[in-house]
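Here is a brief report on one protein model. Please look over its sequence and fold before reading on.

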Amino acid sequence: MPAVRTRHLCSVAAALVLTVTAPAATAATAAPQGPAGLREVLFVGNNWDGTADVLKSTGDFSRIGRVNVIPDKDRRMAEINADPIKWIYFQAIRNGVGEGHDQFADDMYTTPDGRSVVVSRPSFADVVSIDLASGSVNWRFSVAGYRADHMAVSPDGTRVAVSASTANTVHVLDIGTGKQLGSFATGDKPHENVFTKDGRYLWNMSIGDVTTALDDPFWDWTKGDRRITVVDATTYKQVRIIDMRPRLDAIGLKNFSDAVRPAVFSPDESQLYFQVSFFNGFLEYDVASDTLTRVKTLPKNPATGEDRTTWVNDSRHHGLSMNPEGTKLCVAGTMDDYATVVDRASLREGPLVPAAKPYWATVSGDGKACVVSESGADQVTAIDFATGRKVVSVPVGDHPQRVRLGHVPAGWTGPSTG
């Protein structure tokens, strides 16, 4: 390798490590309040019925409104029915990752002014901006390929990244206009996206093919190219690839999947915690040393079968969040039907809070509770980080998955068109 190129790669790697290990001055503070005239809320994406419920972000988490995120459904279905290839993929999504249902609301973030919510819609292979006053579509962006997946919003709220899972691509869009600002290639089936706190880097996790029945560890290689792709969030150029396979093998975890699922950084971004396919627990990765440092195995539910082909989209546990102080992790034990708070220092879990197929975990607006979506019970449940005990459950729509903090205008109770 030429010396100049070697020095360039080394300088990029060094800059990345310095960025992610810098202390965070505000790490221990609760989530900031929104601009004047806006109210902080929780958006809950009801994937199977194409709605988003809007809840209070603290307290009793009661619902204050609901948004239809598929107001253009008839038009989109007409386009799909007129295109044989689109129709085949639409049916494949319904019968595969959708478990027999359409996927209409995967992920969502509000715009900085609180006037719109931007939603990724897997079955329609797009991202749309929905006006929160009228309920109409502001803009629509069709992703490459045939399915949209997880998103992430930049720290300043101006850009949104979305995984185009069948095209092995991430698009980065202007959140206000829907214009593409850039894109980059990933491993097979890009999934989770995470911006670093300073907005300098964007991490993408590809999970490979989760719809095949080749789930035995012997066939794991058939799942595809699974890796973390780190890019510069300004140029969208690749700066680092992290393949967990050799890192897992190095600590004796040869039978573990290397498909990184939900992930969360520590407040100073020196460590990454993440779940992998088929595993009831999570792993800790040290960014600076590029090594896996700890593995936490959580209890199995005796009622959960051991047939991996019955686990939804290769998930055993799917959903991970951390309190603002960085002292507690909240884990959604999807196939084991519980959620639990884990002490980060000792990795000791708290009470196992019963939950029906919990699919995501996020943090309340005041940072005091973990909010878990129970996709099997059509409700969200708040769990106190301090005690690990359930606070409240609130009913929502059909098959809640992603839960995200956002803002709406003060006094908002839903679009005028419902």
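This is a predicted model: local features need pLDDT of at least 70, side-chain atom pairs count only at pLDDT 80 or more; totals for chains, interfaces and linings use all residues.

**Salt bridges**

The whole structure holds 27 salt bridges. Side chains of opposite charge can pair when their charged atoms come close.

| Salt bridge | Closest N to O distance |
|---|---|
| D314 and K223 | 3.1 Å |
| D258 and R226 | 3.0 Å |

D220 sits in the loop between strand 13 (201–206) and strand 14 (228–232), and R245 sits in helix 4 (residues 244–250), so the pair ties together parts 25 residues apart in sequence. Both D220 and R245 are buried.

Next comes the salt bridge of D314 with K223, at 3.1 Å. D314 belongs to the loop between strand 19 (291–297) and strand 20 (320–322), while K223 belongs to the loop between strand 13 and strand 14, so this pair ties together parts that are 91 residues apart in sequence. D314 is buried, and K223 is buried too.

D258 and R226 form a further salt bridge, at 3.0 Å. This pair links distant parts of the chain, 32 residues apart. D258 is in the loop between helix 4 and strand 16 (260–265), and R226 is in the loop between strand 13 and strand 14. Why does D258 count as buried? Buried means under 20% relative accessible area, and D258 has a relative accessible area of 6%. R226 also counts as buried, because its relative accessibility is 5%.

Salt bridges with shared partners also build a network. It joins D72, R76, E79, R121, D126 and R140.

**The cavity**

How many cavities of 30 Å³ or more does a search of the whole structure find? The search finds one.

Helix 3 provides the largest share, three residues. The lining of the second largest pocket divides into 11 polar, eight nonpolar and seven charged residues.

**A surface patch**

I85, W87, I88 and Y89 make a nonpolar surface patch of about 380 Å². W87 lies in helix 3, the element with the largest share of the pocket lining. Is W87 buried, exposed or partly exposed? Its relative accessible area is 40%. The partly exposed class runs between the buried limit of 20% and the exposed limit of 50%, so W87 is partly exposed.

**Q271 and S289**

Q271 lies in strand 17 (residues 271–276). Q271 counts as buried, because its relative accessibility is 16%. Q271 and S289 are 18 residues apart in sequence. In space, their C-alpha atoms are 9.9 Å apart.

Note on methods. Residues are numbered from 1 along each chain as its sequence is written. Side-chain values use heavy atoms; hydrogens and water are left out. Helices (H or I, at least four residues) and strands (E, at least two) are DSSP runs, numbered from the N terminus. Ala, Val, Leu, Ile, Met, Phe, Trp, Tyr, Cys and Pro count as nonpolar, Asp, Glu, Lys and Arg as charged, and the others, Gly among them, as polar. Patches are made of residues with over 30% relative accessible area and no salt bridge: like charges are joined within 9 Å, nonpolar side chains (Val, Leu, Ile, Met, Phe, Trp, Tyr) within 5 Å. Accessible areas come from the Shrake-Rupley method with a 1.4 Å probe; for residues, only the protein chains shown count as cover. A salt bridge is a side-chain nitrogen of Lys or Arg within 4 Å of a carboxyl oxygen of Asp or Glu. Buried means under 20% relative accessible area, exposed over 50%, partly exposed in between (1.4 Å probe, protein chains only). On a 1 Å grid over the protein atoms alone, a cavity is a set of points where a 1.4 Å probe fits but cannot get out, and a pocket is an open set with protein on both sides within 12 Å along at least five of seven lines; lining residues have an atom within 4 Å of a point. Grid points are joined across faces, edges and corners, and a volume is the space filled by probe spheres set on the points.
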